[in-house]
Amino acid sequence: QVQLVESGGGLVQAGGSLRLSCAASGSIFSIDVMGWYRQAPGKQRELVAVITSSSTNYADSVKGRFTISRDNAKNTVYLQMNSLKFEDAAVYYCYAEVRTGVITHRLWGQGTQVTVSS
């Protein structure tokens with residue numbers, strides 16, 4: 001069984017920083033895509049950032065403030081969030097497309113809350 005486990009959310013003041021981590025575990029052959037989405041109350045889940053072996057992409061709202069990275073040896077993706085704004089507050093979900101042999105699993109983490117205070 002493959003799963004994603006997130007960590008690193010919490011309460012931060014506006015302008016502050018947080019780093020989210022998401023580790024994939026299980027019988028993993030490879031991970032093609034890893035990324036972060038977020039969902040604020042009353043809003044749809046939206047893409048924050050995604051990383052593949054060759055590229056990264058960011059939502060316009062976080063460009064220049066957030067950085068996504070991955071450690072392939074640890075099957076882990078990170079999201080460094082700087083200059084946090086009130087509108088960044090949401091539940092952040094890790095996403096990964098994990099290959100176990102011939103099957104690709106599209107997985108979600110359990111979500112981690114990010115709260116931005118004044």
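When I speak of contact this morning, I mean heavy atoms within 4.5 Å. What you see above is a predicted model, in which local features need pLDDT of at least 70 and side-chain atom pairs count only at pLDDT 80 or more, while totals for chains, interfaces and linings use all residues. Residues are numbered from 1 along each chain as its sequence is written, and side-chain values use heavy atoms, with hydrogens and water left out.

Let me start with the overall fold. The protein chain has zero helices and eleven strands, where helices (H or I, at least four residues) and strands (E, at least two) are DSSP runs, numbered from the N terminus. The radius of gyration, taken over C-alpha atoms, is 14 Å, close to the 13 Å that the globule rule (2.2 Å times the number of residues to the power 0.38) gives for 118 residues, so the chain is as compact as a globular protein of that length. Of these 118 residues, 40% count as buried, and by buried I mean under 20% relative accessible area, as against exposed at over 50% and partly exposed in between, with a 1.4 Å probe and protein chains only.

Is Arg38 buried or exposed? At 5% relative accessibility, Arg38 counts as buried, and its place is in strand E4. Not counting residues up to four places away in sequence, its contacts include Glu46, Glu87, Asp88, Val91 and Tyr92; the C-alpha atoms of Arg38 and Val91 are separated by 5.4 Å, although the two residues are 53 residues apart along the chain.

Arg65, in the loop between strand E6 (56–58) and E7, also counts as buried, at 10% relative accessibility. Leaving aside neighbours within four places in sequence, Arg65 is in contact with Gln80, Met81, Asn82, Ser83, Leu84, Lys85 and Asp88.
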